[in-house]
Amino acid sequence: MRYLSDYHLHSNYSFDSKQTFEDIITKAISMKLNEICLTEHISFDPDDRSYNFFNFKDYENEIKRLSDKYSGKISIKKGLEIGEYLLYKEDFDKYFKKHNLDFIIGSIHNLNGKSLRNNIAENGVTYTYETYFKEIFKFAQMGDFDVLGHLDIVQRYAFKSGGVYDFEDYKDYIYEILKVTISRGKGLEVNTSGLSKNLLFPKLEILNMYKDLNGEILTVGSDAHTSNRVGEKISYVYDILKDIGFKYVFTFDNRKRNGQLL
Ligand SMILES: [Zn+2]
Ligand SMILES: [Zn+2]
């Protein structure tokens, strides 16, 4: 039996979700998941809607309570999804030292203080992809994270303007990002939230390149903000990863990784 884990989930501890931990856990158990990791948004930017929203102490206590309640049925991990680390590096570094976390997804949701969607509207698709990949590269070089979140998420916002990118156009940027990620012992998240539109974040070409470069650290996450999506397409993506030749999907405990056979 495969060990199924959903490693990207938002609850009402994130500004943009209303689902409770209990909604998530009940759904995860019904989806036969063995483990989940909650990955709430956090930000140190006073203009960001996540600012001062997330309360670690309550989060930790609630996870502990529910871990006891559902013990033997599912394992629940404490994670965060961070954004724009480079702008608030000191705050993040201090925060990670002070709080006991299992796992950190490093993402980029904004460029130049604006959403990716607004960047596309104002500066065009090519500019946005290029700036985004450059920014991810800087982050991958020096950020504190375990996996890069939904690498190439620009696809989600470019989709409507017909701007789903051609891998060949950005292959050199992506190569550098993957090289540095691997050399730092960090990994990639495979995010299933675009699959209803046939988009996988990251694209298969990126996953193939990652494999060719001997990358092996991967997590899979639904990025569910509503409980109907918890665990969505997780085992489907495991099949894809296995076909590419990967052996493991990883879970994390106190920021240490464990390979679970695919
Ligand atoms: Zn995200
Ligand atoms: Zn997310």
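**Exercise 1.** In which sense do β3 and β4 pair, and over how many bridges?

*Solution.* Strands here are DSSP runs (E, at least two residues; helices are H or I, at least four), numbered from the N terminus, and two strands pair if DSSP finds at least two bridges between them. On that basis β3 and β4 pair in the parallel sense, over five bridges, with Gly-79 standing opposite Phe-103 in β4. From β3 the chain passes through helix α3 (residues 89–98) to β4, a β-α-β crossover that is right-handed (clockwise from the first strand over the helix to the second, with the strands pointing away from the viewer).

The model is predicted, local features need pLDDT of at least 70, and side-chain atom pairs count only at pLDDT 80 or more, whereas totals for chains, interfaces and linings use all residues. Residues are numbered from 1 along each chain as its sequence is written, chains are lettered from A and ligands numbered from 1 in the order written, and side-chain values use heavy atoms, without hydrogens and water.

**Exercise 2.** Determine which residues coordinate the zinc ion (ligand 2).

*Solution.* Donors are N, O and S atoms within 2.8 Å of the metal (3.2 Å for Na, K and Ca), and because water is not among the atoms, sites may look incomplete. His-8 (NE2), His-10 (NE2), Glu-81 (OE) and Asp-223 (OD) coordinate this ion at 2.1 to 2.3 Å. Glu-81 also coordinates the zinc ion (ligand 1), 3.4 Å from ligand 2.

**Exercise 3.** Decide whether His-10 and Glu-81 are buried or exposed.

*Solution.* Buried means under 20% relative accessible area, exposed over 50%, and partly exposed in between (1.4 Å probe, protein chains only). His-10, at 0%, therefore counts as buried, and Glu-81, at 1%, is likewise buried.
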